[in-house]
Amino acid sequence: MANKQTFPDFEYPVAYCIAGVDEVGRGPLVGDVVTAAVILDPDNPIEGLMDSKKLSEKKRNLLSIEIKEKAISWSLGRANPQEIDTLNILHATMLAMQRAVAGLNVEPDFVLVDGNRCPTFLANVSATEQQNNKIASQAVVKGDARVAEISAASIIAKVARDNEMIALDKLHPEYGFAKHKGYPTKLHLEKIIELGVLDCYRQSFKPVARVLGTYHD
């Protein structure tokens with residue numbers, strides 16, 4: 001029998017106001033990488049929070065509405081294809097996470113981030129108080145399945161990005177964005193070879209660069 005995968009123990013930090021952060025859309029060839037930051041209200045719990053990928057589309061959509069209604073604060077952040085091409089996808093994702101936290105209308109005193117690394121989050125302080133203006137943060141491996149705030153962030157980020165792909169599909173139905181959501185499926189790769197690359201594609205990603213003739217081994 002295979003050993004069950006284990007992760008480092010996680011304990012909630014001692015903090016007054018915790019934000020969870022997650023991203024959606026690092027792998028697709030098209031569109032923004034979308035992040036969300038969520039501060040949940042302990043007095044207004046939400047049932048059924050879990051990794052957004054394990055929920056049905058219908059359940060995700062319902063939970064996204066409930067999270068936005070019940071959370072103390074929530075915010076979306078993003079980095080566009082040009083930023084992804086300039087910075088690379090990792091650094092663009094970190095930037096989008098910073099933007100999501102900066103967009104909260106309540107400032108957290110601790111940020112929990114899904115994954116194995118997190119960017120520096122800066123507190124909104126005046127210029128005279130700049131010495132120690134970092135918000136404490138911690139990366140949590142598989143946090144979208146283990147931490148309610150991160151689960152909530154993963155849900156609203158995924159619903160937002162999926163909706164953007166559905167809107168893009170209405171503009172360019174021949175590419176099939178509503179179906180593959182921008183990920184490099186066999187059908188999608190065939191379509192960009194057949195139809196070409198739109199402005200919203202990430203030109204630094206290998207399959208896109210190959211179609212553009214800019215990829216070199």
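**Entry 1: two residues in loops**

I looked up Lys181 and found it in the loop between α6 (177-180) and α7 (186-195). Helices here are DSSP runs of H or I with at least four residues, strands are runs of E with at least two, and both are numbered from the N terminus. The phi of Lys181 is near 55°, a positive value in a residue other than glycine. Most residues other than glycine have a negative phi. Is Lys181 buried or exposed? Lys181 is buried, with a relative accessible area of 15%. I noted the cut-offs: buried means under 20% relative accessible area, exposed means over 50%, and partly exposed lies in between (1.4 Å probe, protein chains only).

I then turned to Asn88, in the loop between α2 (81-87) and α3. Asn88 also has a positive phi, about 90°, although it is not a glycine. Asn88 counts as partly exposed, because its relative accessibility is 37%.

I must remember that this is a predicted model: local features need pLDDT of at least 70, side-chain atom pairs count only at pLDDT 80 or more, and totals for chains, interfaces and linings use all residues. Residues are numbered from 1 along each chain as its sequence is written, and side-chain values use heavy atoms, with hydrogens and water left out.

**Entry 2: the sheet**

Next I traced the strands. Six of them form an open sheet in the order β3-β2-β1-β4-β6-β5, with mixed pairing. Which strands stand at the edges? They are β3 (73-79) and β5, each with a single partner strand, so one side of each is left without a neighbour in the sheet. Two strands count as paired if DSSP finds at least two bridges between them. Strands of a sheet pair through backbone hydrogen bonds, either parallel or antiparallel.

I checked two pairs. Strand β4 (residues 110-114) runs parallel to strand β6 (residues 134-140), and five bridges join them. Phe110 stands opposite Ala136 in β6. Val111 has Ser137 of β6 as its bridge partner. Strand β5 (residues 121-122) runs antiparallel to β6, with two bridges. There, Leu122 stands opposite Lys134 in β6.

**Entry 3: helix α5**

I compared the span of α5 with what its residue count predicts. The expected span is 1.5 Å times one less than the number of residues. The 24 residues of α5 should therefore span 34 Å, and its end C-alpha atoms are 35 Å apart, which agrees. How many residues of α5 are buried? The count is 17 of its 24, and the helix is mostly covered.

I picked Lys158, which is found in α5. Lys158 is buried, with a relative accessible area of 15%. Leaving out residues up to four places away in sequence, Lys158 touches Val24, Ser52 and Arg60. Contact means heavy atoms within 4.5 Å.

**Entry 4: the largest pocket**

I wrote down the rule: on a 1 Å grid over the protein atoms alone, a cavity is a set of points where a 1.4 Å probe fits but cannot get out, and a pocket is an open set with protein on both sides within 12 Å along at least five of seven lines; lining residues have an atom within 4 Å of a point. Points are joined across faces, edges and corners, and a volume is the space filled by probe spheres set on the points.

The largest pocket has a volume of about 440 Å³. Its lining has 22 residues, and Asp22, Glu23, Lys53, Asp114 and Asp144 lie nearest its centre. β1, α3 (89-102) and α5 each give two or more residues to this lining. α3 gives the most, with four. I sorted the lining into six nonpolar, six polar and ten charged residues. Here Ala, Val, Leu, Ile, Met, Phe, Trp, Tyr, Cys and Pro count as nonpolar, Asp, Glu, Lys and Arg as charged, and the others, Gly among them, as polar.

I followed up Glu23, which sits in strand β1 (residues 18-24). Beyond its neighbours within four places in sequence, Glu23 is in contact with Val33, Val34, Thr35, Thr93 and Met97.

**Entry 5: the cavity**

I found one cavity of 30 Å³ or more. Its lining residues are Glu57, Arg60, Asn61, Val159, Asp162, Asn163 and Ile166. The largest share of that lining, four residues, comes from α5.
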